[in-house]
Every structure is written in structure tokens, then in C-alpha cells.
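Open the structure in a viewer and keep the selection panel at hand.

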Amino acid sequence: RRQRQMCIRDRLEKLEFLVAKVPENFIPNDISGLCFEFREIPKEENYEDISGALSFISFLLGNKIKKIGYSIVNDTKLVESFAYSLDEYPEDNTMPPIRFNYQYDWGNFAYLLNTYLPKFLDINNELFLDKAIDKSFIANNVPIGTNLPILASALETIISKYFQSKNIKTFEYISEKEYSTIIASELESIADRLKHISGHEIMLRKISGAFRKGVNEKTTQFFDLINLNVSRQELKAINLRNKMAHGSSDYSKKSKVYKDLIASRVYEVLFNRVVLKLLNYEGYYIDYSLKGTPLKHINFT
């Protein structure tokens, strides 16, 4: 891992780029722009790192960056220029995980980029962070009732890849062989009693598979492994994902909409906390689930 981190830092030093805000008079009023300035024309082997950098910066800004073009300059001469037309402008639903400021390192955008981008690129391919972040942006821009299954998929992507990268296979309370031996006689008796019931095969499969841990249990195990404290409210938001997935939420009442909106904000903040924790971030995050969106330390809920 140390050798790989050194390799990534070496690649970044060779790649070298500046990130700057595009002056407002260069772009339409309803969008904001960033300029990525490279000292040299990026090579093909740099594209993966550039894509990772765009994903990481999108995460920091709380909104997906859309590439609209490029230009190549030699000294003061414009060599080449190209721009895409935007079919639609980015959503104005931005929720950056960190409140930027220049007073502290943890809120300084330049410090965050220089400090945590190498770490992000180091674990991105292993954990599919870029893909999970893309899913989180999709979830943030779909209606309540369909958002949490998408956001849960983003988190579950990271969890699954994390377990694979650590070669963790403890997804069972006991082995299937041991469990089958223990329940063999009882299962035969239960099967005989249930055979007249429609759907008894499904019920038996659930009993036979009870030795496996469920998604929520794997999620809790993941939180323990990365030392992330999770609140009761966050666990409720995780459980709400199942109700949304099965379409059991009734949004004819405003109180239900408001309740699930708060739970969605809780889940969105939890996702941000997970990514920050994986980057070894030690600072304050924004809690969008509370009035006034207060700052909280990463190690506290």
C-alpha cells in the first residue's frame, strides 16, 4: 500500500494541475465553472487519475462536475479549442460535505485537494468510490420514495468492495454445513407442516438461509471496521430504504413526506461521512438533517 501511495503521488507530481474558478462573465448566469489548468497535455495513462480527481472534487463541491470543453495554449497562442453544448444545466441541489473556510485546514479547499486526493485515488479503484458518488448524485435529484434505494446502492457498492479488498468473508453466523446439520431434523418436520401452504418453498428457503447475515448486518459490520459511530436515527434511515424499495410508503400525508425527507438527509449525510472516514479525514462535516445545518466532528454523530 505504501509503495502504491508513493506511485500515485509521483504520478500526480508529473501530472500537476491547477484548479480555479471561472470568472462569471465567461459563462451563463445559471451555472458556475471550474478551470483545470495542466502544465502539459495529459497523456492517456493520466486519464484515470483525471477522472478520479473530477469525481473527488465533485464530492467536495456536493455537485457533479460536467465537462463542457477544453483549450490548448502554447505560450500565448491558442492551439486548439473545443466546447460541448449543455442540454441541461447542473441541478442546483448542492450539498458539499464540508463548509469551506480558510481559517482551518479541514475547511480549506486547497488543503483538502492536496491532502486527500492522493488517498482518494489510492482507494478509488478498490472501492468504486467514483461510481458510488455518481449514484449519490442521482439519488439526490430524484423524488422522495425512490431516492434511498439508489443511495443505499451507492453505500452498498462501497461496502461490498471494501470487504473484497480486505478479504473479509464473515457474512455468516456459522457455516452453511454446520447450520444445515443443526436444523436438518427440524427442517424436515417444518417442511411437512407447511406443505399445504401456498409459498411454503419461499418460507423454507428463508429458514435454510438464516445462517447468512443480512444487508443491514453487513452494513453495521462495515461501520465497526472503519470506526464510524452511527446514530439510532441513521440506522432508522437505513431501514427506511427497505420500505421505499418495496413501495410501502404512503405519501398522501404531508407529515410522512416531511419525515422521510429528514430521513433522506440523514442518509445523505451518512454517505458523506463514510467517504470522509475512508479518506482518514479529521475535521468537521455539515449535518443537513438538522435546522441550521450545524457542523459536527467526523467522529461524532
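The stops below each give a selection and then what is found there.

**Whole chain.** Begin with everything shown as a cartoon; this is a predicted model. The protein chain has 10 helices and 6 strands. Its C-alpha trace spans about 85 × 50 × 40 Å along the principal axes. Switch to a surface: the protein chain exposes about 18,800 Å², and carbon and sulfur atoms supply 52% of that area. Of its 301 residues, 36% count as buried. Among contacts between residues at least 6 apart in sequence, 62% join residues at least 24 apart.

**Serine 58.** Select helix α2, residues 47-61, and pick out serine 58 within it. Is serine 58 buried or exposed? Its relative accessible area is 4%, under the 20% cut-off, so serine 58 is buried. Leaving aside residues up to four places away in sequence, serine 58 touches Asn63, Lys64, Ile65 and Phe137.

**Aspartate 75.** Move to the loop between β3 (69-74) and β4 (77-83), where aspartate 75 is placed. Phi of aspartate 75 is near 60 degrees, a positive value in a residue other than glycine. Aspartate 75 is exposed, with a relative accessible area of 69%.

**Phenylalanine 128.** Next, select the loop between α3 (109-127) and α4 (129-140), which holds phenylalanine 128. Here too phi is positive in a residue other than glycine, with a value near 55 degrees for phenylalanine 128. Phenylalanine 128 has a relative accessible area of 27% and is partly exposed.

**Helices α9 and α10.** For the last stop, select residues 232-245 (α9) and residues 254-278 (α10). How are two packed helices described? The terms are the angle between their axes and the distance between the axes. For α9 and α10 the angle is about 115 degrees and the axes lie 9 Å apart. An angle of 65 to 115 degrees counts as roughly perpendicular, and α9 and α10 are therefore roughly perpendicular to each other. The crossing of α9 and α10 is left-handed. On the α9 side, show Gln233, Glu234, Ala237, Ile238, Leu240, Arg241 and Met244, which make the contact. On the α10 side, the contact is made by Asp260, Ile262, Ala263, Ser264, Val266, Tyr267, Leu270 and Arg273. Colour the residues of this contact by class: 9 are nonpolar, 2 polar and 4 charged.

Terms used: Residues are numbered from 1 along each chain as its sequence is written. This is a predicted model: local features need pLDDT of at least 70, side-chain atom pairs count only at pLDDT 80 or more; totals for chains, interfaces and linings use all residues. Side-chain values use heavy atoms; hydrogens and water are left out. Axes are lines fitted to C-alpha atoms, for helices over the stretch in contact, and angles run from 0 to 180 degrees between N-to-C directions. Helices (H or I, at least four residues) and strands (E, at least two) are DSSP runs, numbered from the N terminus. Angles under 35 degrees count as roughly parallel, over 145 as roughly antiparallel, 65 to 115 as roughly perpendicular and the rest as oblique. A crossing is left-handed if the near helix is turned anticlockwise from the far one by less than a right angle, and right-handed if clockwise. Contact means heavy atoms within 4.5 Å. Ala, Val, Leu, Ile, Met, Phe, Trp, Tyr, Cys and Pro count as nonpolar, Asp, Glu, Lys and Arg as charged, and the others, Gly among them, as polar. Buried means under 20% relative accessible area, exposed over 50%, partly exposed in between (1.4 Å probe, protein chains only). Accessible areas come from the Shrake-Rupley method with a 1.4 Å probe; for residues, only the protein chains shown count as cover.
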